[in-house]
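Subject: A structure for you to look at

Hello,

Here is the structure I promised to pass on. Please open it alongside this message, and then read on for what turned up in it.

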Amino acid sequence: KGVLGYAMRAGAYAPLLWKSRVLAWNFFRRELLGRFRGSFLGVFWVLLQPAFQFLTYFAVFGILFARSSELPKVDFAIYLFAGIVFFSSVVEGTNTAMRSILANANLVKKVAFPCEVLPLTPTLVAAVVYLVGSLVLLIAGLVAAGFLAANADAGAASPPLEIGFSIFALPILLCLHIIFVVGLGLFLAATNVFARDTSYLYAIFTQAWFFLSPNFWTTSLIYGTAKDYGLSESTANLLMMLNPMFPFLMAQRQVFGVGANLSPQKYAQIFPTTLGENLLMAATWAIAIFVIGYGFFMSRKRKFADLV
């Protein structure tokens, strides 16, 4: 079967994972614990890394670059970190998944097992890192809210994030995160077997992807730039939606209520689409990427043992 034939059978991946759940769990446990083997703090690095990352981005972007943002300093730092948490987990998961077949060459050559399970392992590890980073985001937002309430010079004590009913959409966003990373990881893992330059090209791509995604810029900035070139806001929205990461990053912030203290007019400029619309678009991208990635991986799987 070709790519299309396997892509139409992408639904078979879930039953395969259930059948191979013990194997997948062992790979996941080995991957997660192996990252911190030999270190003094062990798995606590999963918590310390995003915490230090937040402090770094807050110092650089939240203090220095926040002057050029329409958001207050604390709000901009939370807005920035919310996007960085999600984007970093996607890049980390796909980078490791891309090397999963070559890293397990001995198994692929000598053992008959479903190697399409291998890219799932770094995806689940990236999901754990994402959840821990989201916890740090929540704590940072609550601490910032307490600081604003205690500091009379800060003006109104409006929190930079507001936990509401939208937090119940976090499991949906997490599932879409896993589907998206697995699909992209499957495609990259298969491509990397045939062309080892894939890792270098993907590193360049992710650098551009970071700056083209709304990590440290807001949509209002895009609207101003589009107006300078004679483009309408609807055209700017369409161009932003062509980036698969856009609805994910916007939904990530809306789930945690980032910017909830803003006025309705300013909030609409920064978040032009609702949480439901962003989740729907993210689901469309996640399913499409997964179907393509699964189809491409399975259509090339039979050649892996000869090339790794």
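Two residues are in contact when heavy atoms of theirs lie within 4.5 Å. With that in mind, take the contacts in the chain between residues at least 6 apart in sequence: 80% of them join residues at least 24 apart. Please keep in mind that this is a predicted model.

First, the overall picture. The chain has 308 residues, and 48% of them count as buried. It contains 16 helices and zero strands.

Now to the inside. The largest nonpolar core holds 54 residues, and the members that touch the most others are Phe 86, Leu 173, Phe 180, Met 245 and Phe 248. Several helices each supply at least two residues of this core, among them α5 (73-98), α8 (120-150), α9 (170-194) and α15 (275-300). Helix α5 gives the largest share, 12 residues. A second, separate core has 24 residues, including Cys 115, Val 117, Leu 118 and Val 193.

Leaving aside residues up to four places away in sequence, Phe 180 touches Val 90, Trp 209, Pro 244, Met 245, Phe 248, Trp 285, Ala 286 and Ile 289.

Ser 213 sits in the loop between α10 and α11. Is Ser 213 buried or exposed? With a relative accessible area of 0%, Ser 213 is buried. A polar atom of the Ser 213 side chain lies 2.7 Å from the backbone oxygen of Trp 209. Apart from residues up to four places away in sequence, Ser 213 touches Phe 87, Asn 243, Met 245 and Leu 249.

The other one is Asn 104, in the loop between α6 (100-103) and α7 (105-110). Its relative accessible area is 11%, so Asn 104 counts as buried. What does the side chain of Asn 104 make a polar contact with? The partner is the side chain of Arg 30, at 3.2 Å. Not counting residues up to four places away in sequence, Asn 104 touches Arg 30 and Leu 118.

Next, the charged pair. Side chains of opposite charge can pair when their charged atoms come close. The count of salt bridges here comes to one. In that salt bridge, the side chains of Glu 116 and Lys 301 meet at 2.8 Å, N to O. Glu 116 is in the loop between α7 and α8, while Lys 301 is in the loop between α15 and α16 (304-307), so the pair ties together parts 185 residues apart in sequence. Glu 116 is buried, at 4% relative accessible area, whereas Lys 301 is partly exposed, at 25%.

Last, the surface. Which residues form a nonpolar patch there? They are Tyr 229, Leu 231, Leu 238, Leu 239 and Leu 242, and together they have about 570 Å² of accessible area. Leu 238, found in helix α12, has 53% relative accessibility and therefore counts as exposed.

Terms used. Residues are numbered from 1 along each chain as its sequence is written. This is a predicted model: local features need pLDDT of at least 70, side-chain atom pairs count only at pLDDT 80 or more; totals for chains, interfaces and linings use all residues. Side-chain values use heavy atoms; hydrogens and water are left out. A nonpolar core is a set of buried Ala, Val, Leu, Ile, Met, Phe, Trp, Tyr and Cys residues joined through side-chain atoms within 4.5 Å. Buried means under 20% relative accessible area, exposed over 50%, partly exposed in between (1.4 Å probe, protein chains only). Helices (H or I, at least four residues) and strands (E, at least two) are DSSP runs, numbered from the N terminus. Patches are made of residues with over 30% relative accessible area and no salt bridge: like charges are joined within 9 Å, nonpolar side chains (Val, Leu, Ile, Met, Phe, Trp, Tyr) within 5 Å. Accessible areas come from the Shrake-Rupley method with a 1.4 Å probe; for residues, only the protein chains shown count as cover. A salt bridge is a side-chain nitrogen of Lys or Arg within 4 Å of a carboxyl oxygen of Asp or Glu. A polar contact is a pair of N or O atoms within 3.5 Å; within protein, one must be able to donate a hydrogen and the other to accept it, and residues adjacent in sequence count only if both atoms are side-chain atoms.
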